[in-house]
Amino acid sequence: MKAAIWYKKEDIRIENRVEPEVNPAEVKVRVKACGICGSDLHEYRSGPFIIPSRPHPLTNRAGGPVILGHEFSGEVVERGENVSHFNVADRVVVNPLIYCGECYYCKRGQHIMCTKLGTFGFAADGAFAEYAVFPESSLLKLPDSVTDEMGAFVEPLAVAVHGVKRSRMKIGDTVAVVGAGPIGLLVMQACLASGASRAFVVEPMKARRETALKTGAAAALDPTQTDVGKEIGKLTNELRVDVAFDCVGNQAAFDTAVKLSGRRSTICVVGLALKPIEVPFIRLWGHEKEITFASGYEDEFAAAIAFLADKRVNVEPLISSRIKLDELVSKGIKPLIEEPDRNIKILVYP
C-alpha cells in the first residue's frame, strides 16, 4: 500500500508499505478522506513535536519512521476474530487517542489526561495511507447522512465540542472566538449548536472572516483595523462576551480574548502556545474572570457526529482543496504553511 511517512523535520516520503495485519481485537480500515491538522504542520516544520522522541510506553515507537494522519473517515475491510460490533463495509471514524486504561484519569473516563497518552499518527501509524489498523474500541460508526468528507471533520470537531464543554458555556451566552482557523471556525459553530445566542469572530485574514460569516458568525472583525474590544462592547450593550476562546495560542490572541470578555467571564484557551504568555493578573482579578484550557477530547465524538448529521455544523465552506496522497507536501502541507490566507482545511484522498 501507499503511505506518507514522516522520517524527520521536513522529511515526509511517499512509500510503498506492506498492508498492516489485523490482530483479534482490531479492525482494518480503508482510509477514505484524511484532513491535514495543524499538528501535522508542526511535525513537518519542527518535529518531533507530538511524535515521541523516546520509546512511547504503550507503543514503543520513537521518532520516525511513522505514518502521519489522524483526522479521517474510512470503511471497514477486515475485522479480527474477536471483533463483534463492526462489520465489513461499515463506514467509520476513529478516536485516535492511545491510553492505558489503568491510571487514575483513565478510570475516571478522562482519557486525554492519561499519564501514558499517545495518538495514532504520532505514537503509532496513522491514516495518511491506503489502509490502517485500529482497536475496535476506537471506532465509531458514521450514519448515512454524514459523508466521507464530513467524517474527516469529526476529530477536529470533537476538539471544538470539548472546548465548549471546558468553557462551561451556558445556553444564551454570547461568545467570541479569536482565530478563524479550522478549530476556531468549528468552535464558533459548536457554540451556536450548543445554544450560544451570538458568536463573534476576530481574525486578520479576510478570506477566513468571510468563511466565519458564511458559517454563522454574527460579526467577523479584523484586529488590525479596529479596536475589537470596543467594537464587541458596542455589539453587546457594553457588556462584552460571556465566553472568549483563544484558538491561536500566542500573546496577541490571549490579550485579545481578555479585551473581548466581560466581567465574570471565562476565557478558554484552545490554541497551543509554544512560548510563555504574560497574564494581566490585576485585570483578571478585578473582573473575577476565569481561565480554562482545552487540549483535545474524551467522549465528544458522538456529539460531533450528531452535529454533522443534522447539519448544525457546516464544514463544506472550510474545505480549501482536495488532493492525492502523492501531493501531501507539495499541495497540502506547504500551501497551509505558506498561504494560510488562502487555505483552511485540505483533505487528502489516499
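Modeller: Let's start with a definition: a residue is called buried when its relative accessible area is under 20%, exposed when that area is over 50%, and partly exposed in between. Keep in mind that we are reading a predicted model.

Biologist: Thanks! Is E316 buried, exposed or partly exposed?

Modeller: E316 has a relative accessible area of 45%, so E316 is partly exposed. R322, at 42%, is partly exposed as well. These two residues form a salt bridge, with 3.2 Å between the closest N and O atoms.

Biologist: What lets side chains pair in this way?

Modeller: The general idea is that side chains of opposite charge can pair when their charged atoms come close. The cut-off used here is 4 Å, from a side-chain nitrogen of Lys or Arg to a carboxyl oxygen of Asp or Glu.

Biologist: How many salt bridges does that rule give?

Modeller: The count comes to 24. One of them joins E75 and K32, where the closest N and O atoms are 3.9 Å apart. That pair links distant parts of the chain: E75 sits in strand β5 and K32 in strand β3, 43 residues apart. E75 has 22% relative accessibility, so E75 counts as partly exposed. K32 is partly exposed too, because its relative accessible area is 28%.

Biologist: Which residues are linked in a network with E75 and K32?

Modeller: R30, R91 and D148 join E75 and K32 in a network of salt bridges.

Biologist: Now for helices. Why do some residues of a helix point the same way?

Modeller: An α-helix has 3.6 residues a turn, so residues three or four places apart point the same way.

Biologist: Which residues of helix α10 are buried?

Modeller: In α10, which spans residues 301-309, the buried residues are F301, A304, I305, F307 and L308. They lie on the same side of α10, because they cover an arc of only 160 degrees around the axis.

Biologist: And what covers the buried residues of α10?

Modeller: The cover includes strands β6 and β10, along with helices α3, α4 and α5.

Biologist: What is the phi of K311, which follows α10?

Modeller: The phi of K311 is positive, near 70 degrees.

Biologist: How far apart are the closest N and O atoms in the salt bridge of R312 with D310?

Modeller: They are 2.6 Å apart. R312 is partly exposed because its relative accessibility is 41%, and D310, at 39%, also counts as partly exposed.

Terms used: Residues are numbered from 1 along each chain as its sequence is written. This is a predicted model: local features need pLDDT of at least 70, side-chain atom pairs count only at pLDDT 80 or more; totals for chains, interfaces and linings use all residues. Side-chain values use heavy atoms; hydrogens and water are left out. Helices (H or I, at least four residues) and strands (E, at least two) are DSSP runs, numbered from the N terminus. Buried means under 20% relative accessible area, exposed over 50%, partly exposed in between (1.4 Å probe, protein chains only). The arc is that of the directions from the helix axis to the C-beta atoms. Contact means heavy atoms within 4.5 Å.
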